[in-house]
Amino acid sequence: MRYPQGGGLTDAERAGRERVRLRAVAGFEAGEKSREIAAALRVSERSVERWTRQWREEGLAGVASRGSPGRPRLSDQQIGRLERELERGPLAHGWADQRWTLARVKTMIGRLFHVSYTVEGTWRLLRRHGWSWQQPARRAIERDDDAVEPVEAGGLAAGKSTAAVNNAWVVFEDEAGQSMTPPRARTWGRQRCTPVVRVRGRGSGRVSMAGMTCYKSGERSRLIYAIREYRGRKDEPKGFGWKDHRDLILRARAQLGGPVVLVWDNLRMHLVAPLREFFEANAAWLTVFQLPTYAPDLNPQEGIWSLVKRGIGNLAAADLGQITRAVKRRLKMLQYRPEVIDGCLSGAGLSLSG
């Protein structure tokens with residue numbers, strides 16, 4: 001029986017080998033032949049003969065599992081260094097993409113510690129120390145993690161403090177769009193036969209969405225949104241302009257009935273001069289904070305868009321109006337589910353407490 005080099009043995013594996021050898025000992029004492037014992041235990045006759053010899057010479061102690069002696073294993077200090085190097089990512093070690101495969105980790109171990117591991121032994125090593133095979137999240141290379149860290153660590157930071165002082169609502173705003181081609185969603189299909197979702201090749205246009213998730217301690221969370229269709233007609237706006245953003249903010253104030261702390265990204269439309277003038281003129285009830293650049297995962301409204309697009313997955317829409325109706329229906333449902341809106345805040349790693 002050949003064991004993976006460098007993999008080490010878990011307690012369960014050692015106990016399993018112990019049970020196999022004890023069953024072999026029972027066969028020895030019963031006078032069974034080595035071939036019969038090997039067939040019953042599904043091991044080689046050579047292993048059974050070796051266990052027989054050890055049993056005759058040393059008794060039960062001779063067949064006790066000793067694990068895998070002499071195999072190279074990493075110390076705690078070496079494991080710590082390996083994990084730090086893995087966290088740096090494959091790009092830092094010369095690979096073109098950002099996938100850690102077992103073969104690459106095996107190569108890394110050889111480079112760092114001059115220890116030979118098999119692929120299976122590498123898998124066991126990683127599993128034993130809390131690593132698993134996962135699908136990664138995407139993050140922009142241009143993102144400034146130093147700017148993002150204070151927001152993630154301290155909740156809403158300055159915006160949260162301002163809201164508490166003014167008894168204001170914290171409002172996160174974001175925009176999204178949907179064309180006639182629906183997002184792909186998983187579906188059941190026959191094995192080795194990729195399902196095909198048929199969508200209409202004709203038609204053009206786009207549904208633009210602007211949404212606000214609104215939070216305040218002691219109040220039910222709210223969702224406010226606006227929808228606009230673009231059908232490619234002459235002089236028709238493709239998306240939301242600064243006046244649309246202004247009107248949406250005014251509508252939020254009317255519906256919420258109190259001061260507003262607005263948190264949104266650095267979209268060019270958010271920084272135009274007319275909006276800045278509007279903010280200055282309404283500073284008595286409106287405070288604006290900008291999210292760090294390339295950090296959409298910090299905006300709870302992104303979670304709302306994800307839920308909306310999941311709800312229209314694989315939709316074979318006949319026209320743009322059907323897309324619009326599906327989007328509105330999904331957003332209307334979410335308005336009546338404040339626990340889902342709260343979940344989007346938690347999913348962004350933010351909170352209003354503290």
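Buried residues are those under 20% relative accessible area, exposed ones are over 50%, and partly exposed ones lie in between (1.4 Å probe, protein chains only). The views show a predicted model, in which local features need pLDDT of at least 70, side-chain atom pairs count only at pLDDT 80 or more, and totals for chains, interfaces and linings use all residues. Residues are numbered from 1 along each chain as its sequence is written, and side-chain values use heavy atoms, with hydrogens and water left out.

**View A. Helix α13, residues 320-335.** Helices (H or I, at least four residues) and strands (E, at least two) are DSSP runs, numbered from the N terminus. The buried residues of α13 are L320, G321, I323, T324, A326, V327, L331, L334 and Q335. Elements covering them include β1 (169-179), β2 (206-215), β3 (222-230), α12 (300-311) and α14 (338-347), where contact means heavy atoms within 4.5 Å.

**View B. The open sheet of five strands.** The strand order is β3-β2-β1-β4-β5, with mixed pairing; two strands pair if DSSP finds at least two bridges between them. Because β3 and β5 (286-290) each have a single partner strand, they stand at the edges, and one side of each is left without a neighbour in the sheet.

**View C. The pairing of β2 and β3.** These two strands run in the antiparallel sense over nine bridges. A210 stands opposite A226 in β3.

View D. L86 is buried, with a relative accessible area of 4%. Leaving aside neighbours within four places in sequence, L86 is in contact with W100, V105, L126 and W131. The C-alpha atoms of L86 and V105 are separated by 8.0 Å, and the two residues are 19 residues apart along the chain.

Methods
The expected span of a helix is 1.5 Å times one less than its number of residues.
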